[in-house]
Amino acid sequence: MCSIIGYLGISSAAPIIVKGLKRMEYRGYDSVGVATFSKDHINVRKGVGKVLEVNKTVKLDELSGTIGIGHTRWATHGMVTDINAHPHPSSSGEVAIVHNGIIENHEGLKKELQEKGYTFKSQTDSEVIANLLQYNYDKTKDIKKSIIDTVSQLKGNYAFVAVFQDGTLGAARNHEPLIIGVGKDGYFISSDVLGFVEYTDDVIYPDNREFVIIDTSGLKIFDFEANPVRHQIIKVSKEFADSYKGEFAHFTLKEISEQPTTILSAGNSTQLEMDLASDLIRHAKNLYITGSGTSYNAALIAKFLFSKYAKIKIDPLISSEARFSHDVFEENSILIAISQSGESADVLEAVSIASKAGSKIISIVNMMTSSLVHQSAISIGVNCGPEIGVAATKSFTSQLVVLYKLVDKLCNGCLELDFTKVSEAIKKILSNDSKIRDVARLLKDVPDIYVLGRGIHYPIASEGSLKLKELTYIHAEGLPGGELKHGPLALMDSDSFVLIINPNDSTYNDTLMSAKQIKARGARVIGISDIPSDVYDYWIDIPSIGESLYPLLEIIPIQLLAYYAAIEKDTDPDYPRNLAKSVTVK
Ligand code: F6R
């Protein structure tokens, strides 16, 4: 949701912090701020906008000092304003904090602190952490005690970094990510390795309910009960550093274009995990699969693959609905959780509900250092590298590849998977995008787009409509073809645009029939198919492939269409309004 970062070392802190925030901007980007400690003072600069815009106006990176903290925000409590941007100083200005997460009891705490004379400027829940730390420090004059007292009073999921009046950094973690980087010239604390990986690949992962104190004498970690804690330093993969746009105008286009390679690396080197997972699945009483957004659409595809090829029933469940789905999970059942980030609060909640009921968790994750991995019996890495564009693209196809491989194992190789052929077919679609650009131009001013598919192509219609919504802000809806006559046909007229997903498989004739019904109402029909037809006003050609593998091809032109339509509409495809890549709040 938000990104937090802290640095204490021998270099100038502000430029390091600004660079780290830029790299973590995918986590939230409505406002940004930095505070540094210099000459016995904490100085704060912040503003509304993206990192580089705000930096241009308020010169975040020119703050002096070798100790500092920084933040990019995705608003949850309080509007997007300069005052609500982080860092938040305490009322005396002797402590400042940056925070990610939600403080559930902030209203009560704020009232108590106001009664004690502490003042508040913002509408955020976060400011209460600054004044609470200040209050506890004023009482004890001890930074460690002030953090322990503070975390014992806070309720909710959070991670924060604080800079104190003597230049000490304090940070705490409760169900939100917090990672320490141990560099030659200094320490880093950040929501994501991307915040500091260009300076060091030596990292420490504090657990939940632990806090960190960093000063010029070094680094100490404690649990919330004040016991010292030791953690190993782990080397993270240098691939995290490879998060530049290179020759591409946007991360989103780069990530769409990487798919011929990423589908080949998906689920590689996970033989052992695949074996263990398929064994657990074969012996499970019941099988469930969950995810949010794009990852949930991958779960819907899994339902078709599991039942058709492995003859195993699997129930998909939207993660955010888990807490309202009473008594779904039970002992000896398995929940497969799919997540790119491994940090989505909704997914983690579904996992926690299932675990408490005695179900085992198998996760399919891109970020193998995430909370989801820690909460799973088995984790299978999708291995597509960092995905920075807020809209999930390459992670989706890589999740699908892992699911294909798992199902293939369960049906003893019945899928005859040939991902080299898929990779070549995707290359062909990517290299032939002029028709897609033409269609994108037409979409610029349309109010609604419908995406239609039957069977296994319906989840792709849902995923395609999600991409169009996110990137173009055009209302888009995925429709199962057969449902047209039960309602949606009433919407079709000459202003309607309908994308028809119609590969040459068992759904072909029925879907063509739906296309004809739509066309008869005057709507414009864009066919995504390996077979041309007069029904289509525009035909986007995809190569033919084995029946089960079409989903991996047909999503690519829709991703490109959403991207190019965003360019036509002059929206920012990497950072759609109101969204964040990693949704760590419920
Ligand atoms: C859509 C998108 C989101 C995510 C969702 C789950 O393009 O990116 O819908 O798919 O927030 O995120 P993860 O997979 O990280 O749990």
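This is a predicted model: local features need pLDDT of at least 70, side-chain atom pairs count only at pLDDT 80 or more; totals for chains, interfaces and linings use all residues.
1. Ala266 sits in the loop that runs between helix H7 (259-265) and helix H8 (271-282).

2. As for the surroundings of Ala266, once the neighbours within four places in sequence are set aside, its contacts are Val382, Ser398, Val401, Val402 and Lys405. Leu403 stands 137 residues away from Ala266 in sequence, while the C-alpha to C-alpha separation of the two is 9.9 Å.

3. The largest pocket holds about 640 Å³ of space, and among the 30 residues lining it, Ser292, Gly293, Thr294, Leu466 and Glu470 are the closest to its centre. Two or more lining residues come from each of helix H9 (293-310), strand S17 (334-339), helix H10 (345-356), helix H12 (394-410) and helix H15 (457-472), with H15 giving the most, namely six residues.

4. By residue class, the lining of the largest pocket is made up of 13 polar, eleven nonpolar and six charged residues.

5. Around the ligand there are 14 residues, of which Ser295, Ser339, Ser341, Ser344 and Glu470 come nearest. For Glu470, an N or O atom of the side chain is 2.7 Å from an oxygen atom of the ligand.

Terms used:
Residues are numbered from 1 along each chain as its sequence is written. Side-chain values use heavy atoms; hydrogens and water are left out. On a 1 Å grid over the protein atoms alone, a cavity is a set of points where a 1.4 Å probe fits but cannot get out, and a pocket is an open set with protein on both sides within 12 Å along at least five of seven lines; lining residues have an atom within 4 Å of a point. Grid points are joined across faces, edges and corners, and a volume is the space filled by probe spheres set on the points. Helices (H or I, at least four residues) and strands (E, at least two) are DSSP runs, numbered from the N terminus. Ala, Val, Leu, Ile, Met, Phe, Trp, Tyr, Cys and Pro count as nonpolar, Asp, Glu, Lys and Arg as charged, and the others, Gly among them, as polar. Contact means heavy atoms within 4.5 Å. A residue is near a molecule or strand if one of its heavy atoms lies within 4 Å of it. A polar contact is a pair of N or O atoms within 3.5 Å; within protein, one must be able to donate a hydrogen and the other to accept it, and residues adjacent in sequence count only if both atoms are side-chain atoms.
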